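Hi,

Here is the structure I promised to pass along. Have a look first, and my notes on it follow below.

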Amino acid sequence: MDEEIDTRKINNSFLRDHNYATEADIISTVEFNPTGELLATGDKGGRVVVFQREQESKNQPHRRGEYNVYSTFQSHEPEFDYLKSLEIEEKINKIRWLPQQNAAYFLLSTNDKTVKLWKISERDKRPEGYNLKDEDGRIRDPATITALRVPVLQPMDLMVEATPRRVFSNAHTYHINSISVSNDYETYMSTDDLRINLWNLEITNQSFNIVDIKPANMEELTEVITAAEFHPNQCNTFIYSSSKGSIRLCDMRASALCDNHSKFFEEPEDPSNRSFFSEIISSISDVKFSHSGRYLMTRDYLTVKVWDLNMESKPLETYQVHDYLRSKLCSLYENDCIFDKFECVWNGSDSVIMTGSYNNFFRMFDRNTKRDVTLEASRENSKPRAILKPRKVCVGGKRRKDEISVDSLDFSKKILHTAWHPSENIIAVAATNNLYIFQDKVN
Amino acid sequence: MEVSAEAKRIMVHALGKLYSSRAQRGGHRLHRSLLLTLVMQSARDIYHASQASCETTTAAEPVQQESPMEETTGDPLEREVSSTLSGLPVTPQPQESASSSEDETSSHPLHCSVTASREDKENRGPSRPDGNARKRRGKVAAEPDFLPCKKAKMEQGRNNVIRSSVNCYRVSGDSLASSVPILRVIAAF
């Protein structure tokens with residue numbers, strides 16, 4: 001697949017040296033809005049940066065709608081839980097956009113404990129000519145007022161402001177890992193390690209618990225919830241994945257508490273692959289419905305699997321992301337990389353799936369042609385408008401010229417978060433503190 | 001044996017990670033602690049099994065590492081149980097006083113460390129349960145089981161002794177993590 005590059009390095013802390021990556025700048029989530037016009041990123045410092053696609057202009061036809069910074073705001077601040085003597089990180093775990101219903105944009109952003117609804121709106125006019133105060137806002141001396149005038153709206157430079165409209169807090173004992181908006185656009189769910197809560201977007205002081213897998217005795221805990229998502233078309237259906245490698249599909253019409261699943265997706269473990277680390281690598285890090293709602297995709301440490309909703313016994317397709325790491329699990333365990341949680345995404349037509357890997361590599365799998373490609377997101381290897389070159393990892397034997405050997409991979413450069421435009425071939429790839437946006441080549 | 005050395009290394013790493021997660025910003029992560037505990041258990045099982053097979057067969061037989069895991073019933077179970085009760089592993093070691101104490105309340109996975117690192121006294125590090133003096137001690141005190149247990153026993157039975165006094169449980173359906181009751185301590189909020 002040929003891809004044109006439009007690279008941007010995003011560093012919104014003006015006092016920081018561009019070459020020095022501070023931890024607060026590490027991007028922790030990336031999400032396109034439902035039309036693809038906006039792209040939001042959240043980082044470890046609790047900030048959200050929203051990019052907007054340029055309107056395509058006749059004057060510069062080769063600039064096919066590049067993304068520019070639209071709004072930046074501090075979504076979450078670090079907090080302290082006095083009861084448990086624990087700090088609550090401000091890192092943004094997930095951002096989910098609401099569908100647009102008026103001129104303003106709405107998104108949900110969450111850290112470990114609190115979900116917030118943000119309204120992003122534009123202001124391009126302001127009232128001028130007040131009667132009782134002057135342009136600076138100071139009250140005018142009544143003695144100087146001799147005539148009556150009414151303020152008039154005058155155009156001003158575009159200002160984009162973000163305001164928190166709702167704060168949904170105090171509902172999660174454990175760390176929130178997912179949020180998902182329902183198809184009814186009135187409710188959404190938030191998921192932590194052991195519980196899933198259903199919220200109404202208008203009501204912040206209560207939520208319904210719909211899944212609770214906390215055992216009576218915590219010492220009997222065997223699995224936790226790792227991700228959850230609402231069905232794209234059916235507001236009563238949702239799925240959640242577990243650390244044991246299984247996915248449960250629940251129907252909220254069946255009962256108020258969905259502890260009993262409607263469907264249970266699990267692939268029996270291959271005994272020949274058993275190792276010390278089997279439990280860790282089978283833990284699902286991300287689960288996503290296809291846009292059609294017919295399939296679901298799961299990501300565990302080494303593979304991506306596509307499941308048919310109608311077949312629970314085994315996945316429809318399994319793709320090896322970086323199987324050459326299977327023999328390196330012990331070192332990956334020692335350097336903590338085995339706990340990395342990679343996300344996975346569908347393209348708009350559900351024909352291609354994408355996920356990240358190490359060394360700033362990311363992989364795409366075409367479900368129809370069964371072809372796959374490995375690409376790299378790095379400034380050294382790519383210039384704006386250059387075509388991305390496929391990369392290859394050499395697993396053994398003779399290393400060819402352009403190949404990279406497994407031992408040379410940089411495990412500190414991991415691509416955990418990616419996003420795909422809902423209808424076009426535009427992808428956003430987060431590589432630590434850099435955001436890369438790639439577009440399809442124009443003929 | 002290579003497998004047992006690897007198992008030991010994995011356990012030591014797991015303990016280190018569990019310990020350092022206490023100092024992490026945002027508190028300890030339940031998912032990660034759970035995975036580490038699982039790894040530690042399977043490593044511990046394999047280590048015990050390899051130690052057991054080492055004792056029974058003098059020659060090293062790495063091939064049989066897996067099978068003792070599946071066959072831990074009966075006598076090895078009894079040995080495992082009695083030593084777990086006093087917080088010690090299968091291998092005969094002098095009993096150490098402050099070595100057991102599984103806490104029921106808000107225990108940290110750290111407590112597993114005491115049983116696992118019995119031979120590496122120098123690697124024990126700061127994992128002493130004494131550090132949690134604020135927390136209530138578990139039902140099983142550090143004394144060996146011939147001393148009267150404070151908790152009333154419903155029946156005289158080995159299994160019940162395990163359940164009531166040690167809060168172990170079985171991990172089932174898995175060939176490596178066998179039917180041996182395993183001590184599991186997960187931090188409870």
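How much area do chain B and chain A bury between them? The total is about 3,300 Å², with 59% of it on carbon and sulfur atoms. Buried area here is the accessible area (1.4 Å probe) that two parts lose on being put together, summed over both.

Before going on, some housekeeping: this is a predicted model, where local features need pLDDT of at least 70 and side-chain atom pairs count only at pLDDT 80 or more, while totals for chains, interfaces and linings use all residues. Residues are numbered from 1 along each chain as its sequence is written, chains are lettered from A and ligands numbered from 1 in the order in which they are written, and side-chain values use heavy atoms, with hydrogens and water left out.

**Where the chains meet**

Chain B puts 36 residues into the contact and chain A puts in 34 (contact means heavy atoms within 4.5 Å). Seven salt bridges link chain B and chain A; that term means a side-chain nitrogen of Lys or Arg within 4 Å of a carboxyl oxygen of Asp or Glu. Over all chains, the same rule gives 35 salt bridges. One pair that crosses between chains runs from Arg25(B), in the loop between α1 and α2 of chain B, to Glu87(A) in strand β7 (residues 86-88) of chain A. The closest N and O atoms of Arg25(B) and Glu87(A) are 3.0 Å apart. Helices (H or I, at least four residues) and strands (E, at least two) are DSSP runs, numbered from the N terminus.

There are also 15 residue pairs in polar contact between chain B and chain A, both residues at pLDDT 80 or more. For those, a pair of N or O atoms lies within 3.5 Å; within protein, one must be able to donate a hydrogen and the other to accept it, and residues adjacent in sequence count only if both atoms are side-chain atoms.

On the side of chain B that touches chain A, the elements giving two or more residues are α1 (2-21) and α2 (30-56) of chain B. The most come from α2(B), with eleven residues.

**Two sheets in chain A**

One open sheet has four strands in the order β2-β3-β4-β5 (chain A), with antiparallel pairing (two strands pair if DSSP finds at least two bridges between them). Its edge strands, β2 (27-32) and β5 (67-74) of chain A, each pair on one side only. Strand β4 (residues 47-53) of chain A pairs with β5(A) over seven bridges, and Arg47(A) has Gln74(A) in β5(A) as its bridge partner.

Another open sheet of four strands runs β12-β13-β14-β15 (chain A), again antiparallel. β12 (178-181) and β15 (208-212) of chain A each have a single partner strand, so one side of each is left without a neighbour in the sheet. Strands β13 (residues 187-191) and β14 (residues 195-200) of chain A pair over five bridges, and Thr191(A) stands opposite Ile196(A) in β14(A).

Cheers
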